[in-house]
Amino acid sequence: MDETHTVVVGEGGQVVLPAGVLARAGIEEGAQLMLLETDDGLVLLTREQLLGRVRGDLAGLDLVADLLADRRLAARIEDAD
């Protein structure tokens, strides 16, 4: 579901989200949301949505193997000196 909503920044920087949006997202009063600043603009996510996004970005990566390869290369360069 892609919808666009206009919200207004009020006193103290507060932003009120439409009740229907909150209900559909399962967001209750007092819930913490994550605000991402991206090159494309601002993105407001629940913690679970952010975790899913990060996990998706990291899927298929082998960070340990990459780190080990970098360390081995650095060691070879150091040994060559």
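Leu58 lies in helix 2, which covers residues 47-58. Helices here are DSSP runs of H or I with at least four residues, strands are E runs of at least two, and both are numbered from the N terminus. The model is predicted: local features require pLDDT of at least 70, side-chain atom pairs count only at pLDDT 80 or more, and totals for chains, interfaces and linings use all residues. Residues are numbered from 1 along each chain as its sequence is written, and side-chain values use heavy atoms, with hydrogens and water left out.

Leu58 has a relative accessible area of 41% and is therefore partly exposed. Buried means under 20% relative accessible area, exposed means over 50%, and partly exposed falls in between (1.4 Å probe, protein chains only). Together with Val54, Leu61 and Leu63, Leu58 makes a nonpolar surface patch of about 350 Å². Patch members have over 30% relative accessible area and no salt bridge; nonpolar side chains (Val, Leu, Ile, Met, Phe, Trp, Tyr) are joined within 5 Å, like charges within 9 Å. Areas come from the Shrake-Rupley method with a 1.4 Å probe, and for residues only the protein chains shown count as cover.

Helix 2 has twelve residues, which should span 16 Å at 1.5 Å a residue. Its end C-alpha atoms are 17 Å apart, in agreement. The expected span is 1.5 Å times one less than the number of residues. Gly60 follows helix 2 and has a positive phi, near 85°.

Strand 1 (residues 33-38) and strand 2 (residues 41-46) run antiparallel and are joined by six bridges. Strands pair if DSSP finds at least two bridges between them. The two strands form a hairpin, with two residues between them. Thr38 stands opposite Gly41 of strand 2. Leu36 faces Val43 of strand 2 across the pairing.

Leu33 belongs to strand 1. Its relative accessibility is 28%, so Leu33 counts as partly exposed. Beyond its neighbours within four places in sequence, Leu33 is in contact (heavy atoms within 4.5 Å) with Leu17, Ile27, Leu44, Leu45 and Thr46. The C-alpha atoms of Leu33 and Leu67 are separated by 32 Å, and these residues are 34 apart along the chain. Thr46 belongs to strand 2. Thr46 is buried because its relative accessible area is 14%. Leaving aside neighbours within four places in sequence, Thr46 is in contact with Ile27, Leu33 and Met34.

A search of the whole structure finds one salt bridge. The criterion is a side-chain nitrogen of Lys or Arg within 4 Å of a carboxyl oxygen of Asp or Glu. The side chains of Glu3 and Arg24 meet in a salt bridge, at 3.6 Å from N to O. This pair links distant parts of the chain, 21 residues apart: Glu3 is in the segment before helix 1 (19-25), and Arg24 is in helix 1. Glu3 counts as partly exposed at 45% relative accessibility. Arg24 also counts as partly exposed, at 48%.
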